[in-house]
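Dear colleague,

I am passing on the model that we talked about, and would be glad if you could look through it alongside the notes that follow.

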Amino acid sequence: MEGARGDAANDVKVSGPTELASKADRRGCCCLKTACQIRASWSRRASLHFDSDSCVCLAGFVSSEAWSGLPLRESRGCRDALISESCLTLAFSDRLESWDLQKEEKTPSWSMEITPPPESSGPSVGLPLVPGGYIATKPPLYRSLSPQLRAKSLALSSEHAILLSASGAVYTWGLGSHGQLGHGGLSSEEEPRAVEALLGMPMSCIATGSWHTVCISDGGDLYVWGWNESGQLGLPSRALHQDVGTSPAEGPQEGEQHEEVFISIQAFPALLDITPSCEIRSVSCGCRHTAAVTTTGDLYTWGWGDYGQLGHQTLISSDEPQRVEFFREQQMQVADVVCGSWNTFAAVVKDEVSCS
Amino acid sequence: MKTVSSTATLWSKISAALPRDEEEFPLQFGDKVESSVVEMLKRCRRQLYSDATAASRMLNAQIVVDVSWEKLNTGTWRHVDKEWRRVYSCGCLFKVAALCRDDPSADEVVQAVRTCDMGLLMGADIMDDILQVIVRILQGEVRKPTELEEESEHTEVKRMKTEIPRAPVIKEELAIPRIKCPSLESFSTNYLLPLKPVVLEGTIGHWPALNEHPWSIGYLRSVAGCRTVPVEVGSRYTDEGWSQTLLTVNEFIDRHIWNKIPELKEDIRPPDYCCLGEGDEDDITVNAWFGPGGTVSPLHQDPQQNFLAQVVGSKYIRLYSPEDTDKLYPHQSKLLHNTSQVEVENPDAERFPEFARAPYLECVLQPGDVLFIPVRHWHYVRSLELSFSVSFWWS
């Protein structure tokens, strides 16, 4: 994990990959020693364990230090979970529940029964997709989706949504003021609209940041669009190239004239080249940064870096994808990556011992 | 507020403006602000009144600034919850305190001024406009330009004066009528109610801004040079390269203004005629506009009545009635639907054939003039030389 806030005892900014500390040994919790999935919001991390005794453990800004890291009783038996800054959403086989993380209550703040789809209807979908629709970030929480979309996966920011269909087509809707819908303009869409620029090119994986969208094609190419103010698209960003502390006495005739083209908003999908060239296997986005894993086990990060979330041992933002050298140096293969708002979590496979 | 002597340190002046202790420092926010953020704010407040490292204070303040900045950029500005804007202002306040605590360098003071300005521009009022109070304290600390710099600016002024601006000749039959100091009643009856444009002469002669000692670039720099203001870059806002940016007044002068410019004084008064409207004085939006000769405001309309007061330099202005909107080809997009597509002084007759048939009125607005632009009247403005105007939007 890089960039985690308040997770390690004393460090707020963790700028190099650090193994997640486990409180398991002292408390007998299963956390982090067995296969688990990570979800993160701004101030918390949820670890999902799916074995005979499925549960979710929370860490970070929790109301009581005493139960940090312990499995949440309310989560026993859940199939999937999503965490936002204000609530934890749990999916069970027969129901959905949303728990308010800011209050300690005995019952969920929202719940809904669901009819599990028949086994034959294809692979099960993950949150925020649920049978017949999805769980939004603000009320009304349950929203239906047309079955014609054949939703396979869905990614949400607070203001826009991207849906990947079974055919590999990508649909977006919501606010478009930063080009994050990928239709070439800045207007909003109320209903899912296909990203035409990508038609004919099946996509396999999607992710969203607060104002940008990323997807991977079947062939392992990365497409990006949306706001690039911190270099989160991996395209040249003006803010990252402004000279700090230049002499104020320069007039326009004396100053250097840079002819570089900067991209502030990319309203159509752009193919992002990562050099040396590689195939991307999975991608995840924080608010303003992006992390991608290649088929050869390397992790690349770019975008906002003020909190160390890029993992390059610095607090510098980058508008060019850069490999996180730590994993190569440690002879680790990165298997997957998940980003919280301002941090990054990488699952690795060590060469000698298999663990995640 | 405690009184401090003039030899007090910067920090003692700032802390005199802050609440006395933690208990007196309000941190109440609505439901939209998550408890995790409130916790960060409380940490900042605790550190303000107790021991902490400079690095830790800066870090916590910056976290509040960063998380609230993200909220301010989420969704449409109109719908941003005011509570988040208040959080942003609080973050800026804590950041300024962290910067100025331990014998700040000149650069840190400039950073602190910029932080106050960002809080004032993007945040919302907290603690009786405390950021305004603090930025005034900080401005006193920023050094004035040296004599050498003032000299070189004078020589540039001499060069510019040899250029003659291209001033249009106003056709008498198209001239906007001019009247000197009409009574409230006569203005209301003859111009406001029938929504007829007029140039008011002799109504702002009393402004200190028009009566004072000669202004100089040096004076403006010393009063406001380090302050950050929104600036429109580009000669007209329909150009592709047009953008808005935030610059300090120093940066703006260096890059875009080469001539004498007047100081922006605080004591300008909204014209008395504004009292004929429905709102009160607080509802009047005052904007100052300064820019070099040649700056064009493309033909557009506004949803409020407007008094455009000319202080320095002159502007060529043309007005079209809202009744003739169909001949003015407004943009279709939501963003620009109150802006015409036509370049008024160089219209494309093929694309906009009806434009030539649209009747208009025109004037050259001189220092001391005030133009009444009735609500939704289309107006086109070209500055003929370095120009400083003040607009009053009222209803």
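**Notes on the model**

B:Arg376 sits in the loop that connects strand E10 (370–373) with strand E11 (378–383) of chain B, where helices (H or I, at least four residues) and strands (E, at least two) are DSSP runs numbered from the N terminus. Its phi is near 65°, a positive value in a residue other than glycine.

Please keep in mind that this is a predicted model, in which local features need pLDDT of at least 70 and side-chain atom pairs count only at pLDDT 80 or more, while totals for chains, interfaces and linings use all residues. Residues are numbered from 1 along each chain as its sequence is written, chains are lettered from A and ligands numbered from 1 in the order in which they are written, and side-chain values use heavy atoms, with hydrogens and water left out.

**Backbone details in chain A**

A positive phi also occurs in chain A, at A:Arg150, where the value is near 50° in a residue other than glycine; A:Arg150 belongs to the loop between E10 and strand E11 (151–156) of chain A. Two cis peptide bonds deserve a look as well. The bond joining A:Leu127 and A:Pro128 is cis, with omega about 10°, and A:Pro128 is in the loop between strand E7 (110–113) and strand E8 (129–130) of chain A. The bond from A:Pro139 to A:Pro140 is likewise cis, with omega near 0°, and A:Pro140 is part of the loop between strand E9 (133–135) and strand E10 (142–144) of chain A.

**Sheets in chain A**

An open sheet of 3 strands runs in the order E1-E2-E3 in chain A, with antiparallel pairing; two strands pair if DSSP finds at least two bridges between them. Strand E1 (37–40) and strand E3 (55–60) of chain A stand at the edges with a single partner strand each, so one side of each is left without a neighbour in the sheet. From one strand to the next the twist averages 25°. Strand E2 (residues 44–49) of chain A and E3(A) are paired in the antiparallel sense over 6 bridges, and A:Leu48 has A:Val56 in E3(A) as its bridge partner.

Strand E4 (residues 80–83) and strand E5 (residues 87–91) of chain A pair in the antiparallel sense over 4 bridges, forming a hairpin with 3 residues between the strands; here A:Ile83 stands opposite A:Leu88 in E5(A).

A further open sheet, also antiparallel in its pairing, has 4 strands in the order E19-E20-E21-E22 (chain A). Strand E19 (280–285) and strand E22 (318–323) of chain A are the edge strands, each with a single partner strand, so one side of each is left without a neighbour in the sheet.

Residues 168–219 of chain A have end C-alpha atoms 12 Å apart and are 0% helix and 44% strand, while residues 297–350 of chain A have end C-alpha atoms 11 Å apart and are 9% helix and 48% strand.

**Helix packing in chain B**

The axes of helix H1 (residues 10–17) and helix H6 (residues 130–139) of chain B come within 10 Å and cross at roughly 160° (axes are lines fitted to C-alpha atoms, for helices over the stretch in contact, and angles run from 0 to 180 degrees between N-to-C directions). H1(B) and H6(B) are therefore roughly antiparallel to each other (angles under 35 degrees count as roughly parallel, over 145 as roughly antiparallel, 65 to 115 as roughly perpendicular and the rest as oblique). The contact (heavy atoms within 4.5 Å) involves B:Leu10, B:Lys13, B:Ile14 and B:Ala17 of H1(B) together with B:Ile130, B:Val133, B:Ile134, B:Ile137 and B:Leu138 of H6(B).

H4(B) also packs against H6(B), at an angle of about 25° and with the axes 11 Å apart, which makes H4(B) roughly parallel to H6(B). In this pair B:Ser89, B:Leu93, B:Val96 and B:Cys100 of H4(B) meet B:Ile130, B:Leu131, B:Ile134 and B:Leu138 of H6(B).
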